[in-house]
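Please examine the structure shown here and follow the explanation through it, one region at a time.

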Amino acid sequence: INGKHIAIRKPSKDDSGENQIKQLQEQGKTVVIIEVDKKQIGLIALSDTLKDESKDAVSKLHARNIKVIMLTGDNYLAASYIAKLAGIDEVIAEVMPHEKRGKIKELQDGGAIVAMVGDGINDAPALVQADVGIAMGTGTDLAIESAGITLLGGDVSKIAKAIKLSHITMRGIKQNLFWAFIFNVVGIPLAAGLFYPIFGWLLNPAFAGLAMALSSVSVVSNSLRIKATKL
């Protein structure tokens, strides 16, 4: 600009004023250095604000024995400050966008089942790699397309609700399979006359039809119970 070389960059260990930069980072601020002709003329300190519901969301995940990890490209000190406020267990910081997918793979290779929550274009590969990708409805279209679950709005407290709903749904599926199979396991041999030579039992076709109808009704009714569940 006007013959001068302007640089806007992230800090390095060789920068002057390192103590001031470190102090700002420890306060949860991301520091940007401004240089003119390789001479530092100032700093810009940017800070994220913790959403009111974030701490409660992390607490609810902990109640389900879920470990919470922050995966970010931000400086470790700044990320650790925010993580401490939210009660997050572990911080993996200074990760480049293309490295996020690899970090998810490392966790999976260690035996972890990983749910990734993200909202940006850079998060898309990691959302695909995770066992469950969760996108925020306020995020980019690419993140939403890459995820298996999309939470409407930007409320992170819905993460715990989504996990609870998935557990309730899976429990309902297992119950439905049990009732569907038990009706057939008992009804088919009875209708086929397998018990007749021993006990003299036969199943009237009218009762067989009623039993099949009751099987369907029980499965549908059990599924509809989910609508009444409070998350």
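Asp37 is partly exposed, with a relative accessibility of 42%, in this predicted model. Asp37 belongs to the loop that joins strand S2 (29-36) and strand S3 (39-47). Its phi angle is near 50°, a positive value in a residue other than glycine. Lys38 is found in the loop between S2 and S3 as well. The phi angle of Lys38 is also positive, near 65°, and this residue too is one other than glycine. Lys38 has a relative accessible area of 74%; Lys38 is classed as exposed because this value lies over the 50% cut-off.

The next region is a sheet. Strands of a sheet pair through backbone hydrogen bonds, in either a parallel or an antiparallel manner. Here, three strands make up an open sheet in the order S6-S7-S8, with parallel pairing. Strand S6 (115-118) and strand S8 (149-151) are the edge strands, each pairing on one side only. From one strand to the next, the twist averages 20°. Four bridges connect S6 with strand S7 (residues 132-136) in the parallel sense. Within this part of the model, Gly118 stands opposite Ala135 in S7.

The last topic is the aromatic residues. The structure holds one aromatic pair, formed by Phe178 and Trp179. The ring centres are 5.3 Å apart and the planes stand at 75° to each other; the pair therefore counts as edge-to-face, since the angle is over 60 degrees. Both partners are partly exposed: Phe178 has a relative accessible area of 47%, and Trp179 has one of 43%.

Notes: Residues are numbered from 1 along each chain as its sequence is written. This is a predicted model: local features need pLDDT of at least 70, side-chain atom pairs count only at pLDDT 80 or more; totals for chains, interfaces and linings use all residues. Side-chain values use heavy atoms; hydrogens and water are left out. Rings of Phe, Tyr and Trp (its six-membered ring) pair if their centres lie within 6.5 Å; planes under 30 degrees apart count as stacked, over 60 as edge-to-face and the rest as tilted. Buried means under 20% relative accessible area, exposed over 50%, partly exposed in between (1.4 Å probe, protein chains only). Two strands pair if DSSP finds at least two bridges between them. Helices (H or I, at least four residues) and strands (E, at least two) are DSSP runs, numbered from the N terminus. Axes are lines fitted to C-alpha atoms, for helices over the stretch in contact, and angles run from 0 to 180 degrees between N-to-C directions.
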